[in-house]
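Here are my notes on the model you sent. Please read them with the structure open beside you.

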Amino acid sequence: MVCAMLICCGFLFLVGNQSGEAQHIEWSKIQTPTDEVVVPYDTLAPVPEDAAETKRLLDKLVVLKLNGGLGTTMGCTGPKSVIEVRNGLTFLDLIVIQIEIVEKYANSKIEIHTFNQSQYPRLVVEDFKPLPSKGNTGKDAWYPPGHGDVFPSLKNSGKLDALLSQGKEYVFVANSDNLGAVVDLKILNHLIRNKNEYCMEVTPKTLADVKGGTLISYEGKVQLLEIAQVPDEHVNEFKSIEKFKIFNTNNLWVNLKAINRLVQGDALKMEIIPNPKEVDGIKVLQLETAAGAAIRFFDHAIGINVPRSRFLPVKATSDLLLVQSDLYTLSDGFVTRNPARANPANPSIDLGPEFKKVANFLSRFKSIPSIINLDSLKVTGDVWFGAGITLKGKVTITAKPGVKLEIPDGAVIADKAINGPEDI
């Protein structure tokens, strides 16, 4: 009964505070965070290579993987985490293997627990009433209210109290599809030593990340700034990689006692994100919150500017192409970048709609091409790839409308535009 009441209160807060507008930010008050607020990763103290110290740190840590991301954009019907990444292993397989390897060296035993986050009724835009009250009581009438809900759900499920009773101190929260989000004892050690209640991993922004949220200093506190909060006249400035040089990876480290204190005090009032959808022709709203927006409620909150290798998400089949290629290697569950790649940036991959769904993507490649020396790839139309293909430099492959274009086994294509078999 207590859990049901708490969940109900969470939904009522979202509804009662929904105005359709994000928190107003006074642009002139925004300050660039100092290195004390966003700490450079390479300044973190090394962790002693001592088994006892490693075990002491790991005994304080819980790893929480957010598994709510659906693979609908890639033609999947369930969680994206069950998609095979490499060697027949899914995201979930890799996560478990990574933890097992870390725990083995600390002589610890891995325990896997699960809990559900809340589900709230979608709201009909026309009259702001819950969709289930209109007679639609199926799954489509409900939604998960964003990963900001992870904090109250951790408490409501009883998991938070159980973890605290075991002496756990910090939780590392990350999206299950981010292959770079692995346990890092340097970060954990820094947070414990400096009593930081919250840490957001940020990484240098590229032109592909211009819409991502960034950390700012605002009215004396560190805060996440999302593009929805930016006045129209400053949007281009926000997207600039010169002024706002970092963005949120959604790798978060949070003190468990602090979560307990803030949830019990009903103090986590994150900005509400209205997410419009349509169900059976009815316009509806999902009211969501983001876990990153909670940073301003925690004491001694910081960011850490981490290497780009800690941000390797798979959001589309173009990302899947990268991680399945020779650009990355897989060892003990860890996906790492191939040192043979000279260019620090990944190739730009643009696959046409024929490759959007995972099943179609996989069927169009006999094997994933070698892309170690690729700068960019754009594929348009009905294109099929043979085995043992190598792509280098800037490559565009375009099949003419109604024509099937097959790239033969063993082809090497470098800095070329392919419009038909005669161009190969």
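1. Start with the hairpin. Strand 14 and strand 15 form it, with two residues between them. Asp 280 sits in the turn and has a positive phi of about 50°. Strands here are DSSP runs of E, at least two residues long, and helices are runs of H or I, at least four long; both are numbered from the N terminus.

2. Now the pairing. Strand 14 covers residues 273-279 and strand 15 covers residues 282-288. The two pair in the antiparallel sense over seven bridges.

3. A word on the source. This is a predicted model, where local features need pLDDT of at least 70, side-chain atom pairs count only at pLDDT 80 or more, and totals for chains, interfaces and linings use all residues. Residues are numbered from 1 along each chain as its sequence is written, and side-chain values use heavy atoms, leaving out hydrogens and water.

4. Next, helix 2, residues 51-58. Its buried residues are Glu 53, Thr 54, Leu 57 and Leu 58. (Buried means under 20% relative accessible area, with a 1.4 Å probe and protein chains only.) They cover an arc of only 130° around the axis, so they lie on the same side of helix 2. The arc is taken from the directions from the helix axis to the C-beta atoms. An α-helix has 3.6 residues a turn, so residues three or four places apart point the same way.

5. Look at the start of that helix too. Asp 50 caps the N-terminal end of helix 2. One of its side-chain oxygens lies 3.1 Å from the backbone nitrogen of Ala 52.

6. Is Asn 251 buried or exposed? Asn 251 is buried, with a relative accessible area of 0%. It lies in strand 13, residues 246-255. The side chains of Asn 251 and Asn 178 are joined by a polar contact of 3.1 Å.

7. Last, the whole chain. The protein chain has 10 helices and 24 strands. Its radius of gyration is 23 Å, close to the 22 Å of the globule rule for 424 residues, so the chain is as compact as a globular protein of that length. (The radius is taken over C-alpha atoms; the rule is 2.2 Å times the number of residues to the power 0.38.) Buried residues make up 48% of the 424 residues.

Note on methods:
Pairing = 2+ DSSP bridges. Buried < 20%, exposed > 50% of the residue type's maximum accessible area, 1.4 Å probe, protein only. Polar contact = N/O pair within 3.5 Å; in protein donor to acceptor, adjacent residues only side chain to side chain.
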